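Please look over the sequence and the 3D structure shown here. The briefing that follows is grouped by topic.

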Amino acid sequence: MSTSVKSLVNQPYKYGFVTDIESDTIPAGLSEDVIRLISAKKNEPEFMLEFRLKAYRQWLKMEEPNWAEVGYPPIDYQNIVYYSAPKVTEKKKSLDEVDPTLLETFEKLGIPLSEQKRLSNVAVDAIFDSVSVATTFKEKLAEHGVIFCPISEALQEYPDLVQKYLGSVVPVADNYFAALNSAVFSDGSFVFIPKGVKCPMELSTYFRINNGESGQFERTLIVAEEGSQVSYLEGCTAPMYDSNQLHAAVVELVALDDAEIKYSTVQNWYAGDAEGKGGIYNFVTKRGLCQGKNSKISWTQVETGSAITWKYPSCVLVGDNSVGEFYSVALTNNRQQADTGTKMVHIGRNTRSTIVSKGISAGQSENSYRGLVKIGPKAEGARNYSQCDSMLIGDNAGANTFPYIQVQNNSAKVEHEASTSKIGEDQLFYFAQRGISMEDAIAMMISGFCRDVFNQLPMEFAVEADKLLALKLEGSVG
Amino acid sequence: MSIQVSPINPVSTVALERSTYLSHLLDLAKATSNEIAWLQEVRDHAVLRVQEQTFPTTRDEEWRFTDLSDLLKLDLVTAAPADATAAELPEATHRLTFVNGFFAPALSSIDNLPDGLAIGNLSSLATEAQSYLGKQSGAEEVFTALNTAGLTDAAIILVRKNAVIDTPIHLQFISSASQPALIQPRILVVAEANSSVTLIEEHGAIGETAYFTNSVSEIWLAENAQVNHTRVQRDSQTAFHIGKTAVSQARSSHYTANTIDLGAKLSRHNLEIYQTGEQTETVLNGLVVARDQQLSDTHSTIALTKPHGMTRQLHKCIIDHRAHAVFNGKVYVPKAAQLTDAGQLNRNLLLSPKARVDTKPQLEIVADNVKCTHGATVGQLETDEIFYLQSRGIDADSARKLLVNAFAYEVLAQVPIDSLRQSLIDHVARS
């Protein structure tokens, strides 16, 4: 190990503050009564309660999976608060009526919700603990027929739409954490883009965990009708607690004929301290269904936070000529563990998928790429290209790749490449020679390493992601 | 992936069937004779190992794509010696032949051994084998332990210090049974410091009777030793073949494996390399040709432990008809294995719409100053290439054959014996 690239120093997490706000929290624990209580609190239609109870009963029969390359003490599911919401939850007509403390919180997080300071051309749904507190630009979107609102609101106003698509991509009993989410999810975003509409602005959801005992279980559902297009971004942060909080979200995307969905994530949950104490367990199920012909779903993720990340944003390519994409940067530092990747399931003819995964592991972290490319017997002419590169910083970090390739059609073409590298001493020397400091040099190299992925992010967020990565690795040389 | 379940009480019936089958296999293994005192202890220990385990199912990650249910239908008996004829390789002057796992001295050729070479069966080299046999890592795996539990004879090759053996040694395993038998060949190779040897291991059959070959090879390379090992599996199309090759390499040793899997209804080869010293080199070339309903599975593991290790792996599969190929290539690079240079490439050629491949190249890396790459491709013959050959007056069928043969040749060219290489090229060309 070179002396110039030393082990990483932990960078203070600047979103780690706690908002002191009175909240409506139910006691910890999970039972059918709790589920009925959540459903009642949200005044949900009957089918939702059935959906939840079905999921809960399935969940009871399931076992927590243990195949991932991550380790953590057993989770006590009876010790988690399944519903926590800032008090005075009736929906505000105008943003001016939202609790100023909350507005201030989001202001501090860099997500201004008040009218004057809004990010230009980005509509934001802000979710605090389990509940959506504000959604911006709703009216402007409604003009185009785009529905962008909290899922709890959608359940009141568009129950038929939600019922039609909810659970259609990720069935209630899909996996342990998806079943748990289906039983207890409290809020999330719902997006519906009608036929032929190109969503006029970026949509964004910002998730914030505040309560120390609560888990966050949000559910996102995006439906893009024939010929429509949407770009969606999610971001997330949490305060610093010594305990671990569970975040088990489910995201479902449905793209009909010729529709296009672009889903970007910048994940910066609290990662725990340098000794691995605290942090979020991020166990998420994300799946997109390219149901229609020529549809396209693209996932871009920048994973920098969470004590443990365990997620595989996937594409099920059913429609002929449909396209799935996955671009990922996963950075782990200190004791973080990430087991992430994607699944591309080719079912229709001439379906294409691209996977670009970049893993950076520093400190004593573990970073695994786990992916599946499956070409079904009817996927004539299917095509996949996968590339997963790992960069190791320091000799205590681990990088693993587990790519599964299953091909049952001889007209398919699948290519997979992987490489592992490090930041070389001579490269650093070369930069130093040109008067560029070690830190800047490393930031540049990391940024270059991740370029393919950052290029996929919407403009504003690409800049943010670059900064975020530089910040995370700050102090990594000495 | 198919899991066979009967409608009533699915899990327990299958589990029961599998556990009784495993104990039946163990009974067959235990029934074999043994006249060597120290060996009994090794066998007894392995019996315990088997008893601790269960018969693998597709629920086990290691057997996810290889369903052994068909093996359960085979009513096996203990193997018995039989007559056979040896197929000689003109280049190999020394040969050990085993029929149904039993040493056949009449078909072997162990006279006029050069200095520094000792070959023979277990009873002739028991003392020399004692400190190595059954000592290789991974001995606890269920089929390896099953082989050890029934260990009655083995092919032993000892290459003494500084001995350089010029002519290849031919190890021939012939199955010739009138009813389905459990055949358990065993090989022990010890290459002492600075020695060099070339081995040809061949598995084949006479007749069409189904059988189950469960073979284990243990290979030890001391410092600076060089072993070039070619393993050809041409078992009967009705047979089941599970093979293990475990290799441990000391400092600066060089091991090359050319594994050619052509036969068996279901075959599985576990290739395990343990680099225990610095600057070790490992080259693995693999070719699988699977046709009809064949299933051919290769699981390779390369575990590096010391700095400056080098590995090169090329694994190619040609899959036709309804055949199914499985490849799982693991490479472990722990923190101590700095400056490792590991490369792995898996290429699969699917020739028919019903052919299937499942591949998983797997890298687990902790050391930071390493160069590790892997690649996997799945594809078919390029229409452009066929067209190009056609434009030169070669008909489409011949063009296709040429391209398939060329795909295989990259691996076959590595086989160090001319006559064997030619016979393999002919075999691939015929299929």
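In helix H2 (residues 37–51) of chain B, the buried residues are B:Leu39, B:Ala46 and B:Val50; buried means that 20 or more other C-beta atoms lie within 10 Å of a residue's own, exposed that 12 or fewer do, and partly exposed in between, with C-beta atoms placed from the backbone. This is a predicted model, in which local features need pLDDT of at least 70 and side-chain atom pairs count only at pLDDT 80 or more, while totals for chains, interfaces and linings use all residues. Residues are numbered from 1 along each chain as its sequence is written, and chains are lettered from A and ligands numbered from 1 in the order in which they are written. Helices (H or I, at least four residues) and strands (E, at least two) are DSSP runs, numbered from the N terminus.

**Helix H2 of chain B**

- Seen down the axis of H2(B), the buried residues fall within an arc of 45°, so they line one face of the helix; the arc is that of the directions from the helix axis to the C-beta atoms.
- The face turned away from the buried side of H2(B) carries exposed residues, among them B:Trp38, B:Gln40 and B:Glu41.
- The 15 residues of H2(B) should span 21 Å at 1.5 Å a residue, and the end C-alpha atoms are 22 Å apart, which agrees; the expected span is 1.5 Å times one less than the number of residues.

**H2 against H5 in chain B**

- The axes of H2(B) and helix H5 (residues 142–149) of chain B come within 8 Å and cross at roughly 145°. Axes are lines fitted to C-alpha atoms, for helices over the stretch in contact, and angles run from 0 to 180 degrees between N-to-C directions.
- The crossing of H2(B) and H5(B) is left-handed, a term used if the near helix is turned anticlockwise from the far one by less than a right angle, with right-handed used if clockwise.
- From H2(B), B:Val42, B:Arg43, B:Ala46, B:Val47, B:Arg49 and B:Val50 meet B:Val142, B:Ala145, B:Leu146, B:Thr148 and B:Ala149 of H5(B); two residues are in contact if their C-beta atoms, placed from the backbone, lie within 7 Å.
- The contact of H2(B) with H5(B) has eight nonpolar, one polar and two charged residues. Ala, Val, Leu, Ile, Met, Phe, Trp, Tyr, Cys and Pro count as nonpolar, Asp, Glu, Lys and Arg as charged, and the others, Gly among them, as polar.

**Helices H7 and H8 of chain B**

- Helix H7 (residues 396–412) and helix H8 (residues 418–430) of chain B pack at an angle of about 145°, and their axes are 10 Å apart.
- The crossing of H7(B) and H8(B) is right-handed.
- Seven nonpolar, one polar and two charged residues form the contact of H7(B) with H8(B).
- In H8(B), B:Leu420, B:Leu424 and B:Val428 are buried.
- Those buried residues fall within an arc of 70° seen down the axis of H8(B), so they line one face of the helix.
- On the other side of H8(B), the exposed residues are B:Asp418, B:Gln422, B:Asp426, B:Ala429 and B:Arg430.
- The buried residues of H8(B) pack against elements of chain B including strand S9 (196–205), strand S11 (226–234) and H7.

**Loop residues of chain B**

- B:Asn100 sits in the loop between strand S2 (94–99) and strand S3 (102–103) of chain B, and has a positive phi of about 55° although it is not a glycine.
- B:Asn100 is buried, with 23 other C-beta atoms within 10 Å.
- B:Asp292 also is not a glycine and has a positive phi of about 50°; B:Asp292 is exposed, with 11 other C-beta atoms within 10 Å.
- B:Val366 lies in the loop between strand S20 (356–365) and strand S21 (371–379) of chain B, and counts as buried with 21 C-beta neighbours inside 10 Å.
- Leaving aside residues up to four places away in sequence, B:Val366 touches A:Gly398, B:Val333, B:Pro334 and B:Lys335.

**Chain A and its contact with chain B**

- Chain A has ten helices and 24 strands, and buried residues make up 56% of its 478 residues.
- The contact between the chains takes 32 residues from chain A and 30 residues from chain B.
- Strand S23 (398–407) of chain A is one of the elements that give two or more residues to the side touching chain B, and S23(A) gives the largest share, ten residues.
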